[in-house]
Amino acid sequence: MKEPTWLQKGLNRFGFWGFVVLAAFALALFFLVYPLIGMLSRSFLPNEGGAFSLKNYVDFFRLPYYFNTLKHSFAVSITTTVFAILLGVPMGYVVARFNIPGKKLLNAMVVISLLSPPFIGAYSWIMLLGRNGFITNLVRHIGIEIPTIYGFRGLILVFTLKLFPFIYMYVQGALQTFDSSLEEAAENLGVHGLKKLLTVTFPLIMPTITAGAVVVFMTSLADLGTPMLIGEGYKVLPVLVYEEYMSEIGGNATMASTLSVIIILCSLSVLLLQKISIGKRSYSMSGLRPPAVKKLGKLPFVVLTILCYFIALCALAPQITTMVTSFIKTRGPLFVPGFSLESYRSVWFKLSANIARTFLYSTIAMMFMILIGMFTSYVIVRRKSSITNILDFVLMSPYVIPGSVLGIILVMAFNKPPVVLTGTAAIMIISYTIRKIPYIIRSSTGILYQLDLSSEEASINLGVSPMKTFFKITAILMLPGVLSGAILSWISTINELSSTLILYSGRTGTISVAIYTEIMKDGYGTAAALASILTFATIISLLVFNTLTKGKGSVV
Amino acid sequence: MSQPLFIEEVTKRYGDFTAIDRVSISIDKGEFFTLLGPSGCGKTTLLRMIAGFNSIEAGTIRFGQTVINSIPAYKRNAGMVFQNYAIFPHLSVYDNVAYGLKARGYSKAEIEKDVEEVLGLVKMSEYKDRQPSQLSGGQQQRIALARAIVIKPDVLLMDEPLSNLDAKLRIEMRSVIKKIQQNLNITTVYVTHDQEEALAMSDRIAVMNLGTVQQIGTPLQIYTRPQNSFVSNFIGISSFLSCSVAGNTVSLLGHAFDMKLARAYTGNAVLAVRPEEATLKTIENGGVAGRVQFATFLGDFINYEIELGGDCVLQVNEYLKEGLPIKKTGDKVWVTFDRKSVNLFTADGKESLV
Amino acid sequence: MKKAMVLLTAMLLVASISLFSAAQPEAKPVSNELTLYYSHAADWTDPIIKEFQDRTGIKVNLVGAGTGELVSRIRAEKDNPLSDVLWGGGSDSYQVIVDLLEPYEHAHMSSVLPVTRDPGNRWHGTTIDPMVIIYNPKLVAAADAPKGWADLVNPKFKGRIAHADPARSGSAFMALIIQLLSMGGDNETGWAYMKNFVVNLDSKLLGSSSGTFKGVADGEYAVGITYEEAALKYERAGANLKVVYPIEGSSKVPSPIAIVKGAKNMENAKKFVDFILSKDVQALMGDLNRRTVRTDIQLPSIMIPNDKLGDIPYDTVWVGQNKDRIMNQWKNLIVGR
């Protein structure tokens, strides 16, 4: 056997993985824990003097101005979740079990809409159903007055259509690996139809549905862009945080910090609720014989197919709307008949830097994510200990932190010497990495659990040290899975707005910020052009993703 | 190269639970030694201790003179064949087999020579450049074997390598493995729960249960002279009949006969009878009376379940070519035992009296 | 195997280097760039900015947001200014951060109305933007229409007033000051009016000033407070919107432009200020429904002359000194403290 080099000897002695854990902790502590602690402490220091006080928290619960936003947020999120379930479960069932034509197309439509940012949905629905919306004007001619889409109604519409795909895809996935012999046993015992669905099928996919519901709830709770655009007076927590921050900035963002703490607590409690309710009840099914696809009678076939495609089209409406409007002539904020590439030209002149930056930052963030994800997931799965469990917990924590809150705490932590990162691209890349780390860890650890330990043991047995085995065997076998997870993160990063809105500066603006600003300034054509560019990039990345996972990858 | 293997008073604990309890085994150089037992008996645990994937809480394991307790797994040179083959999916057949040699720093020429040689040995030469996904189960098994032996290990470890193959392939691979092992004279530790496999392939077998060794012996010894009722029950089929012993006389259901015992014993005992160690007669002949409960036709022999009264059920096989009349359910028969072959244990089954 | 290690190491290196370089604050001495923080609408400013780029070849990086937010950013960035020029909003916003602005005597000092600039030359008005009241004639008869600030506390308009959030919109803040000063002053009377006004808003505050005129024109709101330019533009275009100059008076507050102290592209910033105050650009203001600050250009007839805007004494310095306190009081009214 080869004599190990001095580097290898040193690493072996300290433990390469010990080093990894140390490095991961150091990074997490500096970029995540330290800003979080800053936020926590600021929330308790409302007065100039710096005395500890619960005043901000008391004010929050005492004053309707603040407390109502909490009610609003929950109202929006709960309603959205309910509607998303009502829409996603039946549709998922119908598509999984019946011979609806073009399932791949349907799923592609749903996935594309899933991967696009919600605020584009908000903007598109304003174009369609707003005060001067395309459809609004159309039906006004025949005397129908569409009620306003702003406020609560608009939020529910946008969020439901944007987020029901989560439930839809989860349900579809669960039903496709369902053990059909369970349902056959029920039929054999005399139970069929709706009763069978309610007593056997749905209870067994309940854990999946609740998992999807949690995602829907937390996403709608934390989103900033949509309520900023379409909320208009119906304030929800993220908007409140943003406004408080903007008015307190330059000083100490104490109330904003308090609000941030409260949002995080809300997310945490929802997660805990789900964990408790599901608890030990996880049904793993062998998926030996997935259920066969049933043929529908003529009438149900037509009705259900039309319904499914209609819903998918509604979900995809933002993308279609923005694509179309990007090619329409504009005169200031108004659209005039006729097609032109003016919007794209104006984007090119004004915002080409934003486009370049978006893709650059996302790519750099993705590289960090892959590196951190691979190494830390390995220690978490293969070198399990109480320390790695803590690391796992810390790295998953950004899941409950809304993007806007993350932006604020990063600014507060790094806006004075010795470490000044505000206004740089670095702080944005850091924010993106932090936001997506939980997803990368989850997909990487998932792959590791599936990877048979014996491949690594075989390598060790043949004389390759554990550390080298990681690089020669494990990392390579993990890579496709990690990469596909990374691509999904890349897609959501190019679309990210919540933290970008807080962190950007003149030289670091991205496409999403540009879209938002253009909408605020009535540049609808340019906003549409930019949104179309994002959609285009999303579709291409999806194709890459599909190739990598050989069509078997799951997007949720 | 091949070394003798010494396992001395080895213990494995998981917290409060003792998985392996002071096991001692000596394996000769070049011997094919099998660890046999039901699931949970500790055989795989012990194998992985030899490999270095499980820690050793007490005792020592030696390859020849070298104590390997504190040598990390990747330095032990104990080539292992895994139950699911563990072929690296991202490397070709050639690269898989060459993997261990590359790690040892062999030159390209040496590697090529050794790999070609071992692939020839397992008859997989034409598959040299294939990808693992293109290979069948049996072919992957051969590659796994080739990969483990090409590094010239001190000890070859095999963890139920045939359990994932279908019956016919299993039997075919048995002889492949055995022939190669004999050819190369590598000390081999083989783990299985299939007693037929163990009997067919091993030089010696250690029957294990609940973390302890029940008996070590050649296949013949284990089959004919099990040292306790567990071994007797695990290997082959045995019917257990309660009886009592006084001096050299065994009394069973009113009948008495003499047996040569290893030591003096008086008290209750258990007679272990294999289906081929008893004879049936349809005429009263001084044997134990019984009635046929079931007769099962199994091709070249008939298996009878005989009720002997007093809860005793005895299985007897009669071979067709002996031309004996076929008995039906309900027929009365008389049973005599082959006293030289049957085994006798103390009532708790823990000690053999022959 | 080795390839993987090499790839991973390469990725790590590239990522780290990019991160490092991304973390460096801009230290370029001479550049061809300008970072502009602006709160004006994009449709009329974009052509002007483009013209500037074409003429000078300087690339303009844009950050568009409400004046309040931009001022907050400049405040937060005072140790490391990331912007060069601030444009838009009311002079009061600029007064608040006047110590963070760079004094500059631009190229047209003798051609602009002296009252439109900071005595210390730290900000220069580019237009005069009075605040006006608007109403939708389809929803409100001419007789019932508000005539001044006092009418805005009339219960018949409760929840139907389109007004932007003064914390985020500079023009809305200007309106706040005008209302306060014209309805009693910064005292109990004035604040009593403000309290009633807040109640009449019924928690409806818009995030951006553009929502006000759109909201009234679309019929979402009956009346509103907005800036003259937008009101006139929509009225001229034939929208359902009528303009009322409040009888108590409106502001003659200039809407300035300023150079940020410590700007990294100081020379380019100066060029931009000169450009905005040049006759070419100022001559466009009339057609854009804005009041020029230059003495050598005529106002369009649709606007009432400057001297008819009433004379509420508007002391920018006083406003600057008291802005934070006034905003706090306003905030307390809103929050209900």
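How many residues does the contact take from chain A and from chain B? It takes 17 residues from chain A and 20 residues from chain B; residues are in contact if their C-beta atoms, placed from the backbone, lie within 7 Å. This is a predicted model, in which local features need pLDDT of at least 70, side-chain atom pairs count only at pLDDT 80 or more, and totals for chains, interfaces and linings use all residues. Residues are numbered from 1 along each chain as its sequence is written, while chains are lettered from A in the order in which they are written.

**View 1. The side of chain A that touches chain B.** Helices H19 (453-461) and H20 (466-494) of chain A each supply at least two residues (helices are DSSP runs of H or I with at least four residues, strands runs of E with at least two, numbered from the N terminus). H19(A) gives the most, six residues.

**View 2. The three chains.** Two pairs of chains are in contact, and chains A and C share the most contacts. Chains B and C do not touch; their nearest C-alpha atoms are 10 Å apart.

**View 3. The open sheet of chain C.** Four strands lie in the order E7-E8-E6-E9, with mixed pairing; two strands pair if DSSP finds at least two bridges between them. E7 (161-162) and E9 (242-244) of chain C each have a single partner strand, so one side of each is left without a neighbour in the sheet.

**View 4. Strands E6 and E9 of chain C.** E6(C), residues 131-135, pairs with E9(C) in the antiparallel sense over three bridges. C:Ile133 stands opposite C:Val244 in E9(C).
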